[in-house]
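Dear colleague,

I am passing on the structure below, which you have not worked with before. After it you will find an account of what came out of going through it.

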Amino acid sequence: MKPNTKIAMENLIKEAREKIPFNLSMDGNCEGRCDVCPFKLLEFLDIALCSWESRLKRGEIPNLGDVHSLGRQCKELHAILIEKGFIKIEGLS
């Protein structure tokens with residue numbers, strides 16, 4: 001039996017929306033490098049999530065590669081946000 005990639009993608013999008021702070025304020029945080037800018041990366045990921053939300057509503061079924069790719073993007077951005085101090089991990093100083 002094939003895994004249900006539609007449900008996996010829906011769960012991934014839901015978890016990303018809960019754990020990644022898309023409402024960060026850009027005020028005073030520009031470092032001058034857009035290629036590693038957390039705000040540009042957040043915008044890019046938000047566009048990808050919105051695209052998949054729309055595609056799922058239209059009945060499109062993602063494949064495992066789609067789920068993996070979006071999951072990797074979420075994980076990489078989450079790590080960048082932790083590294084830049086926008087997300088605090090409890091128990092770590």
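In what follows, two residues are said to be in contact when they have heavy atoms within 4.5 Å. Please keep in mind throughout that this is a predicted model.

As general background, nonpolar side chains tend to be buried together in soluble globular proteins.

Helix 3 deserves a description of its own. Running over residues 64-83, helix 3 has 20 residues and reaches 28 Å from its first C-alpha to its last, which is close to the 28 Å expected at 1.5 Å a residue. Its buried residues are Val67, Leu70, Cys74, Leu77 and Leu81. Because these cover an arc of only 105 degrees around the axis, they are on the same side of helix 3. An α-helix has 3.6 residues a turn, so residues three or four places apart point the same way. What covers the buried residues of helix 3 includes helix 1 (5-19) and helix 2 (38-57), whereas the face turned away from the buried side carries the exposed residues Leu64, His68, Lys75 and Glu83.

As for the ends of helix 3, Asn63 caps the N-terminal one, with a side-chain oxygen 2.9 Å from the backbone nitrogen of Gly65. Helix 3 is followed by Gly85, whose phi is positive, near 85 degrees.

Finally, the structure holds 1 aromatic pair. The ring centres of Phe39 and Phe86 are 5.4 Å apart and their planes stand at 75 degrees, so the pair is edge-to-face, the cut-off for that arrangement being over 60 degrees. Since Phe39 lies in helix 2 and Phe86 in the segment after helix 3, the pair ties together parts that are 47 residues apart in sequence. Phe39 has a relative accessible area of 10% and is therefore buried, while Phe86, at 24% relative accessibility, counts as partly exposed.

Technical notes
Residues are numbered from 1 along each chain as its sequence is written. This is a predicted model: local features need pLDDT of at least 70, side-chain atom pairs count only at pLDDT 80 or more; totals for chains, interfaces and linings use all residues. Side-chain values use heavy atoms; hydrogens and water are left out. Helices (H or I, at least four residues) and strands (E, at least two) are DSSP runs, numbered from the N terminus. The expected span of a helix is 1.5 Å times one less than its number of residues. Buried means under 20% relative accessible area, exposed over 50%, partly exposed in between (1.4 Å probe, protein chains only). The arc is that of the directions from the helix axis to the C-beta atoms. A polar contact is a pair of N or O atoms within 3.5 Å; within protein, one must be able to donate a hydrogen and the other to accept it, and residues adjacent in sequence count only if both atoms are side-chain atoms. Rings of Phe, Tyr and Trp (its six-membered ring) pair if their centres lie within 6.5 Å; planes under 30 degrees apart count as stacked, over 60 as edge-to-face and the rest as tilted.
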